[in-house]
Amino acid sequence: MRGRFKNYGYAAILVLALAWMGRAYAQPAEDEARAKEKIAREEKFNTMIRSLDLTPQQQQEIASRRSREKQQTRELREKYDFVESELRRELDKENPDRDKVDALVNQMKDLTGRRYEQKVDEILSLKEILSPEQYRKLQERSEKFEKRRRVNHEKMGHHYDFDGRFSGRHQRAKLCQRLG
């Protein structure tokens, strides 16, 4: 009888070790996929910019502003992710503190608003750099890209609001289930 339990113990250890190894191998694959996606996005952006026939000065100005905007976006995203994780942690408690939850939600609203302000600033800066014809071409290409992206997202089961923008309703529904 003891030998039998001993074998089950070894089997359990083996299963846990394999599961741990699977996670270890999965993480680099996810990171690699994200890196490839990031490279593809950069290449698409560069192709779009090349099609506008920019002057060297325009190219330099867009590159410097883009790197600055990417850094600002990264910082906002990191702050948002941190606040969101704090909110989840608070909501997972048996008795969440309503005041703390409200404060975290307000921080998330503020960060979301700041991101929209940043997007508007990006659009205005592009309008300053590009000629009206270049900006029109950029808008046309962006709309084509957005339509393709929307079709691909719909194939994956993502939802869009009435105005054609991606909806996070399914994410909000999951959050409501957690509060449940």
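Where does serine 125 lie? Serine 125 is part of helix H3, which covers residues 98-129; helices here are DSSP runs of H or I, at least four residues long, while strands (E) need at least two, and they are numbered from the N terminus. Before going further, note that this is a predicted model, in which local features need pLDDT of at least 70 and side-chain atom pairs count only at pLDDT 80 or more, though totals for chains, interfaces and linings use all residues. Residues are numbered from 1 along each chain as its sequence is written, and side-chain values use heavy atoms, leaving out hydrogens and water.

How far can you trust the picture? The chain's mean pLDDT is 79, with 70% of its residues at 70 or more; pLDDT is the predictor's confidence in each residue, from 0 to 100.

At the start of H3, a side-chain oxygen of aspartate 97 comes within 3.2 Å of the backbone nitrogen of aspartate 99.

Serine 125 counts as buried because its relative accessible area is 9%; buried means under 20%, exposed over 50%, and partly exposed in between, with a 1.4 Å probe and protein chains only. Serine 125 touches Arg65 and Glu69, leaving aside residues up to four places away in sequence; a contact means heavy atoms within 4.5 Å. The serine 125 side chain also reaches the backbone oxygen of glutamate 122 at 2.9 Å.

Now for the nonpolar cores, sets of buried Ala, Val, Leu, Ile, Met, Phe, Trp, Tyr and Cys residues joined through side-chain atoms within 4.5 Å. The largest has 10 residues, among them Phe45, Met48, Ile129 and Leu138. H1 and helix H4 (132-155) are the elements that give two or more residues to this core, and H1 gives the most, three. A second, separate core of eight residues includes Val83, Leu91, Val101 and Leu104.

Finally, look at the loop between helix H1 (2-50) and H2, where you'll find aspartate 53. Aspartate 53 counts as exposed because its relative accessibility is 59%.

Terms used. A polar contact is a pair of N or O atoms within 3.5 Å; within protein, one must be able to donate a hydrogen and the other to accept it, and residues adjacent in sequence count only if both atoms are side-chain atoms.
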